[in-house]
Amino acid sequence: MEAITYYIYDGSYYGMLTAIQWRFQIQSRNIIITPDQHKPNTLELFANYTQINTNKQLAKSLLKQIRSEISTRIENRIYYAFLSEQPGIEDFIFDYLSWGFEIGEQVEELLSKESVCKINNLSQKVSRERHKMLGLLRFQKLTSGIYYAPMEPDHDIITLIAPHFRKRLRDQSWIIHDKSREKYALYNQKQLIYTTSSISQNKLSKHEEEQKFQNLWKKYFCNITIPERRNLRLQKQFLPKKYWKYLTEKN
Amino acid sequence: MELTEKLAILAQGAKYDVSCSSSGSNRSNTKGLGNASYSGICHSWTEDGRCVSLLKILFSNICIYDCFYCINGTSNDIPRTSFTPDEVAKLTVEFYRRNYIEGLFLSSAITVDKDYTMEQLVNTVKKLRTDYNFQGYIHLKGIPGADSDLLTKAGRLVDRLSINIELPNRDSLKQLAPDKNGREILTAMKTVRHGIKVYKENKKQLQKNSRSSKPLPSFVPAGQSTQLIVGASNDSDKEILNLTENLYQKIGLKRVFYSAFIPVTNKHNDKLPAIVSPPYQREHRLYQADWLLRFYNFTSTELFSDNNFNLLLELDPKAHYALINLHLFPKEINTASKTELLRIPGVGPKSANRIVKARKHFHLNYQDLKRMGVVLKRARYFITCKGKYYGGVPFKKELIENRLISGPGYKQLSLWGN
């Protein structure tokens, strides 16, 4: 019986794609792709461990291949599924792509395969959270004039929402801060960049007129409920409590 | 009066205008602030479960009219105030920058007279677009009877323009809103329709003549909508839906909204129908019927049996249709056409598409249907799968109706609360 080999990558998307490229080339069934952060602590006696170094070229060529042989939509779907951070997603993606390369873009209808269902569902989950966050993200004006928005999403959606705000809030500088992953998206009216270097707390002080507008919003929010139609359960259905922490109107 | 107090009063005054959508426009900016998201975005939800996507306010609640169903009627004793165009513009922009809203929903009571009110609204919107360079979503309420030039001016600046019809026929309008004029309402709607038509024709010409580089100013890109009050008059659902159908087909409206009548004063109780509580369930059924008209190719007359002029409260309109047309069922899932599939209770456009797609590869089992998004709790009584019937009861109207209403142990939750 062939021993299991673990391909360990750095946790990044290109890292995973590199590992998947290697797995396609080796053509062995006993490979498990796992990111650094999920690496097993106690090493198994009969398993092999290979560290995969991220190779941008390999990763990009795989994406190109997916685009041309399967479809752009499925290329995006894989990215979304990856951002779900579900443990074991890498092997589902590998399986999905194997089928994709075999039958083309119809793979998404192959609902009898567990990997297809999983990837379809996870990418939809991530997509829904992305859309929700486009509405729920709240910016506050800092003393520097920069607008700052914190969030703690379930999935790693910062790269999915920043482009929307770059187009929309074109004439203001802003920061989006994923507090649970310590990731930032920064926009200075010229460029959009992503970074993990943190911003010191004293730079995050509120502008003097910020509280005025927060209060106006809260006032507005309080006055638009139709009391005869009060239905808190329905409200919670649309607005789960996990998002209340950074919502101006709920604080 | 302080801005915060004005905001409270004028938000209260606008809340019964239920339209909440921010979709249908893909306005973009090249410089300046904002854009519109074609699918619309919900930014929050009120305690009554309604979506908040726009800053919904009245410009003024000082009204010369005295409509019986309206909180802003001149004889009601409420605090009165108005914004200035600058105040509205600044509020909109500051909320927008903080991502509280997709844009502005601006309505007004009739202050001084119709033209003056419409002028103020147009000035506000113009200020937003030009002085503040705001390219977010704007939904403006039109004032029936105001100068049509003002309406056209507004159309070039906003994403959605709507004029509320309020009541389904002239008699009800005369009784409950004696200051309003049915003809003016219809004329205003036709003006907007005309503007949209002209814009679309010009756009087509421009596309043919592709050398022209000047972009055409849009005209109400997200379309026209309106609102009907449900339960303030004795008009039947059949009449309401017939009107709705005409509004969609003849005036080309994008949406009709229904709002359950909530009595705001005790003054006109003799003129208004006696109701124990606002007709939320009836409103819910009307929305379901409206969806059938727009997405399922139903006509309004199909939803009513010969002696029934109102939708049933205990059963959704699609299921009711199936029961009064039981001779058309059960449909075989593997061979029914897409139009026929859409008529099955529990099958929507998405499920119908999935079924048609999947059928190309293999025959469908009953177990496959759940994955396709079919609501089997309703559909099971009206379909066969490979010839087999899964309803669990003999194929008889009374038995199926009973199962649908009281269910094999489940309760249908109303989306709009009880």
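This is a guided tour of a predicted two-chain model, stop by stop.

Residues are numbered from 1 along each chain as its sequence is written, and chains are lettered from A and ligands numbered from 1 in the order in which they are written. Because the model is predicted, local features need pLDDT of at least 70, side-chain atom pairs count only at pLDDT 80 or more, and totals for chains, interfaces and linings use all residues, while side-chain values use heavy atoms, with hydrogens and water left out.

**Stop 1: the interface**

Show both chains and select the residues in contact (heavy atoms within 4.5 Å). Chain A puts in 47 residues and chain B 56 residues. The buried area is about 4700 Å², with 54% from carbon and sulfur atoms. Buried area here is the accessible area (1.4 Å probe) that two parts lose on being put together, summed over both. Now pick Arg168(A), Tyr220(A) and Arg229(A). In chain A these lose the most area to chain B, together 19% of what that side buries.

Color the helices of chain A next. Helices (H or I, at least four residues) and strands (E, at least two) are DSSP runs, numbered from the N terminus. H5 (114–136), H6 (158–168), H7 (210–222) and H8 (232–238) each supply at least two residues to the side of chain A that touches chain B. H7(A) gives the most, with eight residues. By class, that side of chain A has 20 nonpolar, 11 polar and 16 charged residues. For these classes, Ala, Val, Leu, Ile, Met, Phe, Trp, Tyr, Cys and Pro count as nonpolar, Asp, Glu, Lys and Arg as charged, and the others, Gly among them, as polar.

Salt bridges come next (a side-chain nitrogen of Lys or Arg within 4 Å of a carboxyl oxygen of Asp or Glu). Six cross between chain A and chain B. Select Glu47(B) and Arg230(A) for one salt bridge, 2.8 Å from N to O.

**Stop 2: Asp48(B)**

Move to the loop between S1 (44–45) and S2 (51–52) of chain B, where Asp48(B) sits. Asp48(B) is buried, because its relative accessibility is 5%. The cut-offs: buried is under 20% relative accessible area, exposed over 50%, partly exposed in between (1.4 Å probe, protein chains only). The Asp48(B) side chain has polar contacts to the side chains of Thr46(B), at 2.7 Å, and Arg50(B), also listed at 2.7 Å.

**Stop 3: Glu283(B)**

Jump to helix H8 (residues 280–295) of chain B and select Glu283(B). At 2% relative accessibility, Glu283(B) is buried. What does its side chain meet in a polar contact? The side chain of Arg229(A), at 2.8 Å. Other residues that Glu283(B) touches include Tyr258(B) and Trp416(B).

Step to Arg282(B). Arg282(B) forms a salt bridge with Asp237(B), with the closest N and O atoms 2.7 Å apart. Asp237(B) lies in H7 (residues 237–249) of chain B and Arg282(B) in H8 of chain B, so the pair ties together parts 45 residues apart in sequence. Both Arg282(B) and Asp237(B) are buried.

**Stop 4: strands**

Select S3 (residues 54–58) of chain B. Five of its five residues are buried. Leu54(B), Lys56(B) and Leu58(B) point one way, Leu55(B) and Ile57(B) the other. In a regular strand the side chains alternate between the two faces of the sheet. S3(B) runs parallel to S4 (residues 103–107) of chain B, joined by five bridges. Strands pair if DSSP finds at least two bridges between them. Leu55(B) has Leu104(B) as its bridge partner.

Switch to chain A. S7 (183–187) and S8 (192–195) pair antiparallel over four bridges. Their hairpin has four residues between the strands, and Gln189(A) there takes a positive phi near 75 degrees.

**Stop 5**

Finish with Lys245(A) and Glu152(A), whose side chains meet in a salt bridge of 3.0 Å, N to O. Lys245(A) is in the segment after H8 of chain A and Glu152(A) in the loop between S5 (147–151) and H6 of chain A, so the pair links parts 93 residues apart in sequence. Glu152(A) is partly exposed, at 35% relative accessibility.

Terms used. Polar contact = N/O pair within 3.5 Å; in protein donor to acceptor, adjacent residues only side chain to side chain. Lists of a residue's contacts leave out its neighbours within four places in sequence.
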